[in-house]
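Let's take a walk through a protein model together. Keep the picture open while you read, and look for each residue as it comes up.

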Amino acid sequence: MKHLLNLLAAVALLVWGTYLVRTGILRVFGANLRQVLARSITTRPAAGMAGLGVTALVQSSTATALIVSAFVGQGLVPLSTALAMMLGADVGSSLMAVVFSFDLSWLSPLFIFVGVVLFITRQSTPLGRFGRVLIGLGLMLLALRLVSESTAIMVRSPAVKALLESLYSDILLEITVGAVMAVVAYSSLAIVLLTATLAASGGIPLDVALGLTIGANLGSGLLGVLATAKSAVPVRQVPIGNLVFKCFGVVLAAPFVSYWVKYLRPYVPDHATAVVLYHLAFNILIAILFIGFTQYVARWVEQWLPKPDRSMVAGRPHHLDPSALATPSLAISNAAREALHQADVVETMLLGMLRVIKDNDLRLAEELRKMDDTVDQLYSAIKYYLTKISREALGEEESRRWTDIISFTINMEQIGDIVERILLDIEDKKIRKGRNFSDAGMAEICELHARLVDNLRLGMSVFLNNSVRDAQKLLEEKARFRDLERAYAGTHLTRLTENTAQSIETSSLHLDLISDLKRINSHICSIAYPILDSAGALAPSRLKQVLPEEPSRALQ
């Protein structure tokens, strides 16, 4: 029992080490890895090489699958190119298995010591996160040595021998066991390394180890499908297409396992090397055979799992993918895209508000007020999604972006509330009482509204691109809008002195309306402050300028 517990502990340590390396690399290079993948879409071979390189770093084809799936969901990468990336990702994972098959146990204490020192002393910096990667590598090397030692003792047990003999000469059982182990461990790389170590220590015959290796490949494909099971349809298409390739690979490779053992084993120094080289050859062969057929598989997957009609509300792509939470940079990007959708809903409310004012459309006013519930729901969903992202896993830039998204969604939610209140006032004080603004007053409202919509679109651009120049322009628009609001309030009072009937009837509503429009504009322009502050372009005297205009807001 003691030796069994030692083996299970060593396997758990191997899986944990793999997890530390994967998450550490994604935290250090996450955004850069996404840029590399996004730019490598010119040809399928280039996409395959990009997938290979990224997976060699993160040591997880499943992690690469989640990143690539998100690209497809965002419409940045066609499905056929994404499938080519995944073929390269599988080769990258098998290359790392070859590297770890060498006796690198002497590096384990060095990696762990240096990694712990870096992680403790520089925890919140990229160097500290790289220390986390070194800790993971050290634990993986240590775990492989512990697995080898534990297995050498356990294989002498009659019960263990009887259990292992049940796998002999049953390739389907071997593949099934390998696939289940990869899913449970959430890492095909860890299972391939475990299998190679067991084969090297005599725990299992070479042909059984190769069957388990084929199963581990199949399990990595199942992992991607399970990880994206609750995601949007475009996101789920990539793992399914990749699983199709893996299934074809299993069908092609399984009948020829005995030939590998018979003809190529004499040229390989040991069983561990034979297993990892077989794993590498398997994935290279699949990549070569099927990279020319990615468009056909993509077409089949799109027919089998079609995208919903985006013109329908229920078919709107939701970007808050839970599977992306393991990759902080990807999760931040998803939250930003959902925040932009929230802003789109707010823009629709703003555009419809002017139609209600002009046409006295009560039905439209009711529909627009209901849209505020959608804005509130999106705000809650984005906020909850962001709280599930580990702040410790975020770099300085990603942490700043996290704060920007929260601030942006709060402003959009408050704008939605103001628009809803404006619509209620229009219904009660104008439409139901049969009143109308004067021609001059209506022209002023239209002018302010047009500027407001333009500023909202500029604010969305600032949020999306982090452009300092656009942020400065947006802040300048705040001053112009304030001056215009004051001027129009003055001209309205002038019309009152002239006893203009329409101006008198709608005076309170008119002044409240232009004041609310200014408040909306203030929320829009506040999008610029974090961008300018991080760039050092925010005037230090801004608080003094704000105090006379908005004392309550400045004191908050």
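Start with Glu366, which is partly exposed, with a relative accessible area of 38%. Keep in mind that this is a predicted model. The side chain of Glu366 meets that of Lys370 in a salt bridge. Both residues sit in helix H16 (residues 362-387), four residues apart, or about one turn of the helix. Lys370 counts as exposed, because its relative accessibility is 51% and the cut-off for exposed is over 50%.

Is Glu427 buried or exposed? Glu427 is buried, at a relative accessible area of 4%. Glu427 also forms a salt bridge with Arg432, and Arg432 is exposed, with a relative accessible area of 54%.

| Side chains | Distance, N to O |
|---|---|
| Lys370 and Glu366 | 3.9 Å |
| Glu427 and Arg432 | 3.4 Å |

The structure holds 13 salt bridges. Elsewhere, Glu447, Arg451, Glu476, Glu477 and Arg480 are linked in a salt-bridge network.

Now for a pair of helices. How do H9 and H10 run relative to each other? The axes of H9 (residues 188-200) and H10 (residues 206-227) come within 9 Å and cross at roughly 175°. The two helices are therefore roughly antiparallel, since angles over 145 degrees count that way. On the H9 side, the contact is made by Ser188, Ile191, Val192, Thr195 and Ala199, while H10 brings Ala209, Leu212, Thr213, Ala216 and Ser220.

Next, check out the surface. Phe256, Tyr259, Tyr263, Leu264 and Tyr267 form a nonpolar patch there, and together they have about 620 Å² of accessible area. One of them, Tyr263, is found in helix H12 (residues 257-264) and is partly exposed, with a relative accessible area of 47%.

Finally, zoom out to the whole protein. You'll find 24 helices and zero strands. Of its 556 residues, 52% count as buried. The accessible surface comes to about 25,100 Å², and 61% of that belongs to carbon and sulfur atoms. What about links along the chain? Take the contacts between residues at least 6 apart in sequence: 80% of them join residues at least 24 apart.

Definitions and conventions
Residues numbered from 1 in each chain as written. Predicted model: local features only at pLDDT ≥ 70, side-chain atom pairs only at ≥ 80, totals over all residues. Heavy atoms only, no water. Patch = residues over 30% accessible without salt bridge, like charges linked within 9 Å, V, L, I, M, F, W, Y side chains within 5 Å. Areas by Shrake-Rupley, 256 points an atom, 1.4 Å probe, with all protein chains shown as cover. Salt bridge = Lys/Arg side-chain N within 4 Å of Asp/Glu carboxyl O. Buried < 20%, exposed > 50% of the residue type's maximum accessible area, 1.4 Å probe, protein only. Axes fitted to C-alpha atoms, helices over the stretch in contact; angles between N-to-C directions. Parallel < 35°, antiparallel > 145°, perpendicular 65-115°, else oblique. Contact = heavy atoms within 4.5 Å.
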